[in-house]
Amino acid sequence: GGVAFSVVEQGTGIGVFYALPTRGFFHVGAEMDVFLLRDRNQIDLIDPWTGLPITINKENNAYMLDLLITLKKRLFAREIDDTLRPFVMIGTGPVYGINFPEDPKRKDEFVFGFSGYLASGVDIALESQYFLGLRLQYRFIKFSDSFAQRTNHSTFDIRLEIGKMF
């Protein structure tokens with residue numbers, strides 16, 4: 001179990017996860033993530049006169065919350081040292097989107113959708129049963145209704161995990 005930080009094409013996310021080992025070097029688990037999304041045309045700058053950050057072209061204040069069931073397969077478990085644990089992974093589950101548009105004429109959006117991913121990465125076991133994980137994944141995120149002005153929010157995700165093996 002542990003915590004995670006994600007960098008996706010449209011923003012950032014934080015999450016928690018927990019997994020149980022099973023036979024054949026598989027792990028079954030669950031994870032929950034919260035993402036803050038950027039707009040496609042949003043530009044963040046530093047004001048040269050005040051030194052303060054400013055944002056232009058922002059139309060949405062969009063957040064996503066997902067809850068996924070995961071399956072991880074450890075690779076080369078008997079061939080390489082136990083401190084280096086490469087793996088492939090899949091996850092699937094619901095996603096909830098919340099958007100508070102900047103334009104007061106547009107309604108707030110609250111929609112459910114589907115989320116899933118395919119991932120590959122490595123866990124590095126540290127002293128005292130802690131580990132550091134890094135994985136690259138592609139997240140499939142689809143909404144049936146428009147959310148933050150589109151229905152497809154699929155994205156690449158680089159995820160850093162810090163956890164403890166029990």
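Modeller: Start with residue classes: Ala, Val, Leu, Ile, Met, Phe, Trp, Tyr, Cys and Pro count as nonpolar, Asp, Glu, Lys and Arg as charged, and the others, Gly among them, as polar. The model is predicted, with local features needing pLDDT of at least 70 and side-chain atom pairs pLDDT 80 or more, while totals for chains, interfaces and linings use all residues. Residues are numbered from 1 along each chain as its sequence is written, and side-chain values use heavy atoms, leaving out hydrogens and water.

Colleague: How do the residues of the lining of the largest pocket divide by class?

Modeller: They are 12 nonpolar, 5 polar and 8 charged. A pocket is an open set of points on a 1 Å grid over the protein atoms alone, where a 1.4 Å probe fits, with protein on both sides within 12 Å along at least five of seven lines; lining residues have an atom within 4 Å of a point.

Colleague: What volume does the largest pocket have, and which residues lie nearest its centre?

Modeller: Rolling a probe the size of a water molecule over the atoms shows where empty space is left. Grid points are joined across faces, edges and corners, and a volume is the space filled by probe spheres set on the points. Here it is about 480 Å³. Of 25 lining residues, Ala19, Pro21, His27, Phe131 and Met165 lie nearest the centre. Strand S2 (11–22) is among the elements giving two or more residues to this lining, and S2 gives the most, with 5. Strands (E, at least two residues) are DSSP runs, numbered from the N terminus.

Colleague: Which residues of S11 are on its covered face, and which on the uncovered one?

Modeller: In a regular strand the side chains alternate between the two faces of the sheet. In S11, Thr155, Asp157, Arg159, Glu161 and Gly163 form the covered face, and Phe156, Ile158, Leu160, Ile162 and Lys164 the uncovered one.

Colleague: Which strands pair with S11?

Modeller: Two strands pair if DSSP finds at least two bridges between them. Strand S1 (residues 2–8) pairs antiparallel with S11 over 7 bridges, and S9 runs antiparallel to S11 with 10 bridges. Leucine 160 in S11 is the bridge partner of phenylalanine 5 and also of leucine 134.

Colleague: Is serine 115 buried or exposed?

Modeller: Buried means under 20% relative accessible area, exposed over 50%, partly exposed in between (1.4 Å probe, protein chains only). Serine 115, in strand S8 (residues 109–125), counts as buried because its relative accessibility is 0%. Its contacts (heavy atoms within 4.5 Å), not counting residues up to four places away in sequence, include Asp66, Gly91 and Phe140.

Definitions and conventions: Helices (H or I, at least four residues) and strands (E, at least two) are DSSP runs, numbered from the N terminus.
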